[in-house]
Amino acid sequence: MTLLSSVPGRLSVATLLVTLTAPVLAQETPQSGGVANVAIQPEPPGLMLPLVQNAPTQRVAGNIFEGLLRYDADLDPMPQLAESWEISDDGLTYTFHLHPDVTWHDSEPFSAEDVLFSVDFMRETNPRTRAALDHVADVTAPDDATVVFTLDQPFPAFIQAFEVGTLPMVPKHIYEGTDYYNNPANRHPIGTGPFEFAKWDRGSVIELDKNPDYYEDGKPYLDKIYWHVIPDAASRAAAYENGTLDIMPAGSVENFDIPRLSEMEGSCMTEAGNEYFNPFAMLWLNNREGPTADKRFRQAVMYALDRDFAKNVLWNGLGQVPSGPFTSSLAAHDDDLEPYPHDPDRAEELLDEMGYDGEPVRLLPLPYGETWTRWSEAVRQNLEDVGIHVETESTDVAGWNQKISDWDYDIAFTYLFQYGDPSLGIARTYVSDNIAKGSPWNNVEGYENPRVDELFEAAAVENDPDKRQAMYDELQQILHEDVPLAWIMELAQPTIYRCNVHDLITTGIGLNDGFKNAWIEQ
Amino acid sequence: MNFFKRFAQNRGALVGLIILALVVLLALLAPFLYPDSPWRMVQRPFLAPGEIAGFPLGTDTMGRDVAAGLAHGAWVSLLIGLISTVVALAIGVPLGALAGYFGGKIDDALMRFTEFFQTIPNFALAIVLVAILEPSTVSIVLAIAIVSWPPVARLVRGEFLSIKHREYVEAARLVGQTHRDIIIKQILPNTLSPVIVLASLMVATAILLESSLSFLGLGDPDTMSWGYMIGAARTVMRQAWWLSVIPGVAILLTVLALNLVGEGLDDALNPQLARAR
Amino acid sequence: MPYLSLILGRIGKAVIVLLAILVFNFFLIHAAPGDPAAVMAGEAGAADEQFLEDLRERFGLDQPLPVQLWRYMSGVLQLDFGYSYRQQMPVLDLILDRLPATLMLTGAAFVISLALGILAGTLAAMRVKRPSGSIIMGLSLLFYATPLYWVAMMAVLIFSVVLDWLPAYGYATVGAGYTGLAHAGDVAVHLILPALTLGLFFMAVYTRMTRTSMLSVSQQDFVKTARAKGLAPGVIQRRHILRNALLPIITLAGLQAGQMVGGAVLTETVFAWPGIGRLMYEALMQRDYNLLLGIFFFCALLVILFNMLTDVIYRLADPRIKQSAA
Amino acid sequence: MSELSRNEGASADASNAPLLRIERLALSLPEGADRLYAVDNINYELNAGEILCVVGESGSGKSMTANAVMGLLPQGVNVAQGRALFHGQDVLALSEIEHRELRGQRIGMIFQEPMTALNPLMRVGEQIAEVFEAHGLLTSKARRERALALLEEVRLPDPQAALRAYPFELSGGQRQRVMIAMALALEPELLIADEPTTALDVTTQAQILHLVKDLQTRRGMAVMFITHDFGVVAEIADRVCVMRMGKIVEMGEARDVLERPQHDYTRALIEAIPGDAVPPTRDAGDTKPLLSVSGLDKVYRSSGGWFQPKREVVALDGIEFSLGRGETLGIVGESGSGKSTLGRCIVGLNTPDSGEISLNGVDLRALEGRELREHRQRIQMVFQDPYASLNPRIKVGMAIAQGPIANGVPKARALEQARELLATVGLDASAAERFPHEFSGGQRQRIGIARALALDPELIVADEAVSALDVSIQAQVLALLDRLKQELELSLLFITHDLRVAAQICDRLIVMQKGRIVEHGSAREIFLSPQHAYTRELLEAIPGRQDRRETAPAAVGAI
């Protein structure tokens with residue numbers, strides 16, 4: 001059951017930070033009361049988490065909705081709506097025992113029926129859940145407080161599928177038999193979480209109130225959470241400086257501003273809370289056509305990139321330069337893998353060897369804000385410096401999606417969540433049966449290698465940790481050599497907050513897991 | 001002769017002309033002063049102006065030479081300002097001329113068309129156009145031109161309406177000149193002075209518009225423009241004020257200069273009004 | 001009676017222009033790469049064929065364009081602007097939600113810019129060739145030439161961050177729970193910076209125009225008549241020159257009042273003002289077709305309304321128009 | 001009545017020092033003007049109860065002294081030397097505030113352009129009441145009452161309504177009456193009238209002159225009347241001061257100057273007034289008609305889109321006449337009579353609603369395309385405004401040549417012809433290389449004639465071709481037209497509002513009123529025995545005519 005954490009010596013820097021700071025915080029007694037002012041960027045389109053899955057929605061609605069489990073920094077499961085759980089030895093049956101006395105915000109009781117409904121609901125509406133529940137053969141509710149999942153084959157990563165974003169609980173009594181997307185409750189979402197939806201002034205603020213009937217005694221500690229919508233980064237920073245905001249989640253502060261804001265008096269920063277999602281920045285390299293179809297060209301790109309510069313200048317030293325396709329925080333990471341060094345001469349040699357004729361390649365930046373734009377400028381300059389002619393094709397999110405989904409690019413920025421297990425977040429990028437137009441999240445680069453397909457498939461259902469690791473080591477070496485895409489950065493997700501806010505991040509899911517434990521020192 | 005004398009009498013216009021000449025010079029010399037790409041990361045990031053010799057204006061967030069960016073940006077700003085104005089004139093002048101000259105139903109139709117473009121808020125339309133065509137120099141020029149031609153059309157139409165009844169135009173009709181000749185040879189040259197004045201102001205507006213688009217991240221990603229420099233420096237305004245102030249002042253001065261020159265032209269081309277000033 | 005037919009005719013014309021704008025925008029927006037389904041998929045961080053197809057079917061995007069247009073237009077004719085699937089709200093509600101904020105911002109900016117602009121322009125015209133006049137014109141030229149967003153950035157930096165006199169962003173103090181007058185005061189304080197910033201540029205425009213217009217009116221014969229009567233210069237400036245000089249400014253101001261609403265994108269972004277401009281930019285970026293079309297419709301509607309209002313004011317201000325119409 | 005006023009003036013003269021005395025006055029012009037001084041060392045006096053006419057052509061500086069006295073000099077014009085003593089006080093040395101006291105209250109002024117001299121946005125009543133307000137007099141109710149009384153005094157048809165009217169609702173003559181009412185509001189001792197009748201129709205002019213004279217008599221004030229027209233002088237002046245190029249060339253009693261002008265220039269001006277004599281009999285040349293017009297109708301409809309109610313103005317109503325080869329036909333009428341519309345219909349700039357226009361027996365209205373153009377070119381036009389009729393950006397030679405060029409004549413040849421034509425109209429051939437702005441009004445009008453001649457026309461329509469010119473120039477241009485007509489065997493359709501001008505050049509006359517021909521006959525007949533009441537009215541309104549009848553009956557009798 002605790003397969004992942006049983007592999008020793010694989011603690012990331014981030015985990016270290018948490019383990020070091022946690023005891024200090026734990027010594028103090030939580031105080032009730034107070035209001036948290038949090039930045040939210042961009043404004044979420046809606047708060048009905050089971051239907052709307054983008055980042056700001058997850059961040060806000062993680063307080064309203066809950067999943068069966070949460071996960072600590074090592075991605076070990078922790079109880080949430082499920083008080084306890086068992087996994088059969090053959091790895092095929094998962095039994096969850098629900099917390100008693102849980103009620104929805106409208107005071108209706110929460111029961112196993114809701115869990116069954118939620119599974120169906122999420123399978124219908126969310127592709128990520130659909131993938132995570134791929135091996136589920138059957139779900140049953142023997143009684144009101146018990147839910148049993150039966151798998152068609154062992155799938156060790158399955159236990160990680162119960163986080164609030166992947167499988168949030170949907171109130172059956174409200175949604176059953178309705179048109180989910182036009183249900184009026186979408187505008188006033190009902191969950192079981194520690195905070196209730198109070199009010200939303202579109203364009204300015206979302207207000208959440210403490211759930212007075214929360215089933216964990218004494219929690220939550222905060223009376224209210226205000227999510228401030230401020231589209232301009234400089235204005236957000238100013239609002240934090242003048243004390244209007246207390247918490248600046250990752251992404252709400254421009255990287256260049258991080259040192260200044262975090263070094264302010266009474267200001268703290270943590271990188272904890274991104275272990276579950278594990279975001280990884282990459283460059284799609286179109287393996288089908290153009291210069292990027294040549295392995296030597298792709299390797300030359302790896303040599304040409306000055307990834308340390310990007311990390312130090314663009315990301316203020318936060319994050320990590322990856323050595324290969326698996327992020328270093330993953331248990332399955334091969335520590336022997338040597339990262340490609342920044343070696344422009346080697347890159348030029350490779351280009352000469354393949355006879356690169358200066359054919360221009362198109363670079364598609366990620367339209368996610370300043371840092372990414374700067375990054376694409378740096379990458380373009382790196383490539384130009386070794387003689388690759390680059391044309392930037394700037395576009396917005398919609399255009400970016402379209403182009404990637406239609407494979408209409410040469411080199412394109414992206415970042416993907418790796419999640420806690422290669423079978424959840426990594427395999428999708430490399431296996432050949434995941435090549436299909438229409439989605440920006442599958443094997444977009446068009447890499448095909450039968451051996452890689454085989455290894456990913458076998459490793460995912462392998463219950464023996466050592467055999468599994470051997471397969472993953474081989475995979476990493478093959479991919480490292482083939483460079484189907486360029487791995488550029490393991491992203492850090494720093495949260496900046498006032499030091500009098502305690503226990504803000506207590507799980508590997510980070511702020512998305514809600515403010516259940518957070519309290520303010522008066 | 002008279003024209004230059006009158007122009008030179010306006011001190012503001014002379015100052016404007018000098019600033020403008022300097023900007024043009026900077027733009028023309030950019031490839032010689034800074035032969036390298038302005039995108040090259042050449043030094044430590046966030047160097048303040050004068051901190052290290054050879055970087056009189058310092059470096060930006062990624063260690064690129066601000067002076068090089070400013071020089072290359074001058075070229076881009078002027079080019080976009082000029083070309084988009086020329087395109088706007090190319091749309092607005094013929095439309096306005098036809099509407100004003102022929103009047104009646106043609107006028108009605110063309111003016112409805114113009115009104116139509118004026119009813120959609122300018123900046124919003126520009127944003128949409130750039131977003132749809134995807135940011136590039138061509139799309140930006142087009143978007144700016146498309147939102148800025150209606151005033152030209154209206155101005156030219158108005159001039160045509162007033163001039164077409166002048167006696168010399170009627171005389172030209174009487175001697176049998178074709179409509180085309182009358183429009184091009186008789187009327188158009190006499191509408192030029194207000195159009196030139198408007199055009200000089202349009203270049204200024206276009207530069208501002210381009211910088212606003214760049215500020216929103218809708219600039220051409222491959223060209224270093226002043227608007228881009230400000231937009232990129234926005235987030236580091238507190239750490240490195242000079243990164244937004246330097247290009248900001250460059251835009252301000254250029255736009256100021258263009259306006260001063262425009263006023264000077266107005267004075268010089270419309271001597272009656274000039275006397276009132 | 002002629003007034004009625006005049007107004008009816010105007011409205012008829014406006015409706016045609018509005019419909020034309022809708023159709024034009026419809027095709028314009030649909031010409032953009034990507035669709036709302038792609039954006040939502042992108043933001044969800046996961047998508048497969050089925051997900052996208054579901055979305056497209058739900059939005060009606062699987063239909064051919066003319067069918068989509070037909071559906072949309074017939075909706076609009078019944079004042080149904082469709083549903084923003086992304087924001088999960090009817091478009092009309094979303095827009096009406098944001099409209100007051102925008103109207104307040106642009107209204108305040110408009111009034112400030114017009115009042116100050118006319119005042120400054122009048123002063124400048126009365127002090128031609130004197131240093132004070134040149135200073136006013138210099139300042140207005142400066143405001144005119146400075147990028148709006150840059151002024152906004154500097155204003156936040158100076159007045160909110162450094163001096164901490166005024167709030168940096170937003171519409172009202174969050175969580176203050178003000179009501180009645182206190183709330184109005186709170187909103188007013190928040191309004192100061194964005195309204196001034198937005199108004200500054202237009203103020204410069206009006207200053208310059210007022211001055212030019214006054215100088216050209218002051219050349220006219222009736223001003224000489226007024227002087228020959230022995231009127232004091234102040235009275236001549238106010239009653240004879242300014243009144244006539246304002247006519248072209250009314251026209252310009254009417255044109256710009258409408259444009260301001262849609263043009264406030266930058267100001268609303270920097271100051272986090274929950275208005276239409278920002279909503280539009282976001283809708284565009286998210287390819288929220290219905291919402292974007294709705295906003296364009298309302299912007300155009302406002303422009304037309306302001307133009308009509310301008311006409312009415314112009315008619316009140318200039319008796320000659322009334323005559324030729326009636 | 002006129003005897004009475006003169007006596008009054010004389011007595012005032014005897015008892016007091018002059019009301020206004022101009023001493024050694026010189027006004028400097030800004031740099032770059034064509035001369036140094038607008039007026040140069042001039043002296044004259046104006047006595048209470050006297051009408052002094054200051055006469056001169058454009059640019060003579062005749063208005064400048066008045067402006068100096070009012071303190072309304074244009075920017076750049078300054079007092080270089082001299083004094084202007086009003087009641088013995090030098091008004092040139094007054095401060096602005098003192099000057100303001102003077103203006104309106106003790107000196108009133110009226111201007112040439114009644115159309116623009118009133119604030120378009122203020123009601124007439126308010127504008128009159130403003131005069132009292134400016135000097136802090138009366139309550140607002142009393143001001144209104146006085147305004148009404150004044151409007152009655154200047155004989156506006158409906159004073160109550162006029163009080164509430166906006167200027168645009170009044171005709172030109174009515175506006176000038178309002179101006180006069182305003183100038184007289186505070187019963188000034190001196191009224192300065194700067195060409196107050198020049199822009200008016202001749203009948204209106206007569207009425208206004210009459211009004212001014214009448215008011216002057218009743219109130220016993222002094223009037224400085226500035227004009228270019230010796231006809232007006234004869235009508236109204238007690239004394240005359242003739243100015244030329246900023247200097248006074250002659251001054252004296254009106255009668256003396258009119259009858260025995262001492263200075264050549266004065267003599268030239270008086271002689272240049274056309275119509276001094278009744279037109280001679282001309283051989284009408286009763287050949288077959290070149291141009292014949294019948295049943296011509298034209299109605300202007302204002303169609304401001306779908307929404308504005310239509311308004312109709314009848315411009316031509318059943319016009320019928322013919323014009324013989326080599327004949328000069330004058331079309332006379334006041335503004336709004338339709339005479340210009342008629343001319344424009346004939347040349348083809350306007351299209352009549354119905355009727356026939358035949359040239360050499362060919363109905364132009366039935367022609368199309370090239371044929372029409374060929375016929376059209378036989379009719380050319382000389383326009384009114386010498387400044388607007390030449391394209392400022394086209395050289396004179398080209399302006400003349402462009403007609404032939406448009407019709408296929410090679411450019412070089414057309415330009416050569418243009419030079420010849422310039423010589424024909426009395427200009428130097430080198431003029432071809434210059435731009436219009438380098439020429440005076442009269443010269444431009446010659447260029448306009450050359451342009452009309454370039455296509456070898458058979459008929460020239462001259463629409464008010466000399467109205468914008470100074471009288472001395474008028475005579476020259478008329479002589480040129482007459483000469484060309486003879487030399488080139490042209491027919492001339494001469495459209496004018498000025499009967500005197502018509503009398504000088506026309507063989508036959510048509511008198512038009514409100515779109516109709518009211519009288520038609522040889523010029524001599526019409527002058528000597530007008531049949532229609534309107535024609536008589538027009539003739540009687542000619543300024544100075546009555547006066548000359550009295551003073552020079554011999555001349556009339558001789559004819």
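**Figure 1. Contact between chain B and chain D.** In this predicted model, 16 residues of chain B and 21 residues of chain D form the contact, two residues being in contact if their C-beta atoms, placed from the backbone, lie within 7 Å. On the side of chain B that touches chain D, helix 7 (167–174) and helix 8 (179–215) of chain B each contribute at least two residues. Helix 7 of chain B gives the largest share of that side, seven residues. Sorted by class, the side of chain B that touches chain D holds six nonpolar, four polar and six charged residues. Here Ala, Val, Leu, Ile, Met, Phe, Trp, Tyr, Cys and Pro count as nonpolar, Asp, Glu, Lys and Arg as charged, and the others, Gly among them, as polar. Helices (H or I, at least four residues) and strands (E, at least two) are DSSP runs, numbered from the N terminus. Residues are numbered from 1 along each chain as its sequence is written, while chains are lettered from A and ligands numbered from 1 in the order in which they are written. As the model is predicted, local features need pLDDT of at least 70 and side-chain atom pairs count only at pLDDT 80 or more, whereas totals for chains, interfaces and linings use all residues.

**Figure 2. Crossing of helix 4 and helix 6 in chain B.** The axes of helix 4 (residues 104–119) and helix 6 (residues 137–163) of chain B come within 9 Å and cross at roughly 140 degrees. Axes are lines fitted to C-alpha atoms, for helices over the stretch in contact, and angles run from 0 to 180 degrees between N-to-C directions. The crossing of helix 4 of chain B with helix 6 of chain B is left-handed, a term for a near helix turned anticlockwise from the far one by less than a right angle. From helix 4 of chain B, B:Thr114, B:Phe117 and B:Gln118 meet B:Pro150, B:Ala153 and B:Arg154 of helix 6 of chain B. Three nonpolar residues, two polar and one charged make up this contact of helix 4 of chain B with helix 6 of chain B.

Figure 3. Strand 4 of chain A runs antiparallel to strand 5 (residues 93–98) of chain A, and five bridges join them. Within this pairing, A:Ala82 has A:Leu98 in strand 5 of chain A as its bridge partner.

**Figure 4. Cis peptide bonds in chain A.** Most residues other than glycine have a negative phi, and most peptide bonds are trans. A cis peptide bond, with omega about -10 degrees, joins A:Gln41 and A:Pro42. A:Pro42 is placed in the loop between strand 1 (35–40) and helix 3 (55–61) of chain A. The peptide bond from A:Lys219 to A:Pro220 is also cis, with omega near -10 degrees. A:Pro220 belongs to the loop between strand 9 (205–210) and strand 10 (224–229) of chain A.

**Figure 5. Strand 16 of chain D and its parallel partner.** In strand 16 (residues 379–382) of chain D, both faces are covered: D:Ile379 and D:Met381 on one side, and D:Gln380 and D:Val382 on the other, are all buried. A residue is buried if 20 or more other C-beta atoms lie within 10 Å of its own, exposed if 12 or fewer, and partly exposed in between, with C-beta atoms placed from the backbone. Four bridges pair strand 16 of chain D with strand 17 (residues 459–463) of chain D in the parallel sense. D:Leu459 in strand 17 of chain D is the bridge partner of D:Ile379.

**Figure 6. Residues of chain D with positive phi.** D:Arg24, a residue other than glycine, has a positive phi near 45 degrees. D:Arg24 is located in strand 1 (residues 20–28) of chain D, and counts as exposed because it has 12 C-beta neighbours inside 10 Å. For D:Glu187, which is not a glycine either, phi is positive at about 50 degrees. D:Glu187 sits in the loop between helix 7 (172–184) and strand 7 (190–194) of chain D. With 11 C-beta neighbours inside 10 Å, D:Glu187 counts as exposed.

Terms used
Two strands pair if DSSP finds at least two bridges between them.
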